[in-house]
Amino acid sequence: MAGMSGRAQLMWDEAVTGYDFGPDHPMDPVRLALTRKLVAAFGLDREMEVVAAKPAGESTLRLVHREDYIDAVKAASADPARALGAYGLGTVDDPAFAGMHEVSALIAGQSVGAAEAVWRGDAEHAVNFAGGLHHAMPGGASGFCIYNDAALAIARLLELGAERVAYVDVDVHHGDGVQAAFWEDPRVLTISLHEHPRTLFPQTGWPQETGADCAEGSAVNVGLPAGTGDAGWVRAFHAVVPELLAEFRPQVLVSQHGADTHFEDPLAHLAVSLDAQRAVQVACHELAHEYAGGKWIALGGGGYAVVDVVPRSWTHLVGIAAGRPVAPEAVIPEPWRQEVFARTRQLGPQRMTDGRWPVNWASWESGYDPADRLDQAVRATRQAVFPLRGLLP
């Protein structure tokens with residue numbers, strides 16, 4: 001796998017840690033700081049160019065977001081007391097805070113910068129683990145997300161001339177904001193694997209959501225039963241994603257790697273290990289080379305086990321993109337664990353594995369069990385979408 005990677009960029013500006021909804025909010029920015037420290041502890045930042053892109057300007061933000069919404073974010077950013085609930089601001093999920101516009105635009109700018117670098121050939125792969133804020137809508141904040149950096153990166157690729165962009169989202173929550181942004185655009189294939197909408201926010205992402213009439217088959221949703229573990233999660237990914245990418249032949253692959261599928265995550269109900277997350281990161285890297293000429297933009301996303309899970313998961317992602325994957329059995333450097341304790345008064349993990357590597361799973365071609373809830377979910381998606389793309393369900 002190391003031979004696959006060429007130049008890679010890590011998008012990072014220390015100021016992204018200012019994306020902070022307050023001390024009692026689950027989206028603690030310490031997860032970003034600890035990830036960056038762990039990346040450095042393994043020397044991965046020496047294997048790639050570390051780039052701080054400029055914040056997304058208003059014309060860029062308008063590629064996805066309405067002008068009145070951007071104005072509302074700016075107003076709430078200048079004075080949080082002016083936050084308007086009609087725009088999803090000042091809510092329990094998305095409390096307003098001073099400087100909110102500036103740091104949200106900065107995170108968006110890292111993903112847009114990644115898109116520009118990969119499209120122009122300055123980098124083959126680019127990672128923005130502070131990004132992946134996939135719930136923000138054109139006219140409103142949602143689910144801890146102010147600006148939708150993933151959708152903005154894709155929109156910028158289209159503006160630069162891309163004709164086919166694939167977006168693969170493996171966050172535990174449905175990638176609803178990205179789907180909404182490109183619902184009517186057949187140039188963008190959005191694929192989301194998430195916990196079933198019956199049991200988790202945002203209660204969307206049903207298999208029947210397949211795109212507008214003018215873009216039928218451009219939205220793909222796999223709603224996984226609560227309790228899905230490693231074997232089922234990886235099976236579902238491989239039962240849907242590679243075949244669709246082979247048919248679509250994207251020029252760029254954008255993937256979102258929310259770490260909240262993990263069994264320790266406090267906000268959801270899947271039972272996926274760090275090792276399965278790593279297996280899907282490896283698969284996305286390989287699929288980018290197989291079907292997208294190696295052009296890969298990898299983003300973070302959710303993840304609320306901020307010490308044990310998120311830094312390890314995204315450090316694996318950075319290592320894969322850099323062409324120097326971290327071995328699952330690797331021992332975590334002691335200085336990083338000391339940093340964890342100093343910042344959080346928690347004991348950090350000792351190895352880069354949950355002890356489940358390699359992940360064993362059965363391919364879809366090996367057979368389908370009509371009584372299995374995971375297989376039922378996969379089949380529902382294949383039946384809803386595959387014929388629209390000329391594929392056998």
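**Exercise 1.** How many bridges join strand β1 to strand β3, and which way do the two strands run, parallel or antiparallel?

*Solution.* Keep in mind that you're looking at a predicted model. Start with residues 8-11, which form β1, and residues 125-128, which form β3. Three bridges link them, and the strands run parallel. Now zoom in on L10: its bridge partner in β3 is V127.

**Exercise 2.** Work out the strand order of the open sheet of eight strands, then find its edge strands.

*Solution.* Reading across, you get β2-β1-β3-β8-β7-β4-β5-β6, with parallel pairing. Next, look for strands that pair on one side only: those are β2 (49-51) and β6 (219-224), the edges. Going from one strand to the next, the twist averages 15°.

**Exercise 3.** Which strands does helix α8 lie across?

*Solution.* Find α8 at residues 274-291. It lies across β3, β7 (252-256) and β8 (296-299). Check its direction against β8, and you'll get an angle of about 160°.

**Exercise 4.** Sort out which residues of helix α10 are buried and which are exposed, and say why the buried ones line one face.

*Solution.* Begin with residues 334-344, the helix itself; its buried residues are W336, R337 and V340. Looking down the axis of α10, these buried residues fall within an arc of 100°, so they line one face of the helix. Over on the other side, P335, Q338 and A342 are exposed. What covers the buried residues? The cover includes α1 (30-41) and α9 (310-322). Finally, step just past the end of α10: R345 there takes a positive phi of about 60°.

Definitions and conventions. Residues are numbered from 1 along each chain as its sequence is written. This is a predicted model: local features need pLDDT of at least 70, side-chain atom pairs count only at pLDDT 80 or more; totals for chains, interfaces and linings use all residues. Side-chain values use heavy atoms; hydrogens and water are left out. Two strands pair if DSSP finds at least two bridges between them. Helices (H or I, at least four residues) and strands (E, at least two) are DSSP runs, numbered from the N terminus. Axes are lines fitted to C-alpha atoms, for helices over the stretch in contact, and angles run from 0 to 180 degrees between N-to-C directions. Contact means heavy atoms within 4.5 Å. Buried means under 20% relative accessible area, exposed over 50%, partly exposed in between (1.4 Å probe, protein chains only). The arc is that of the directions from the helix axis to the C-beta atoms.
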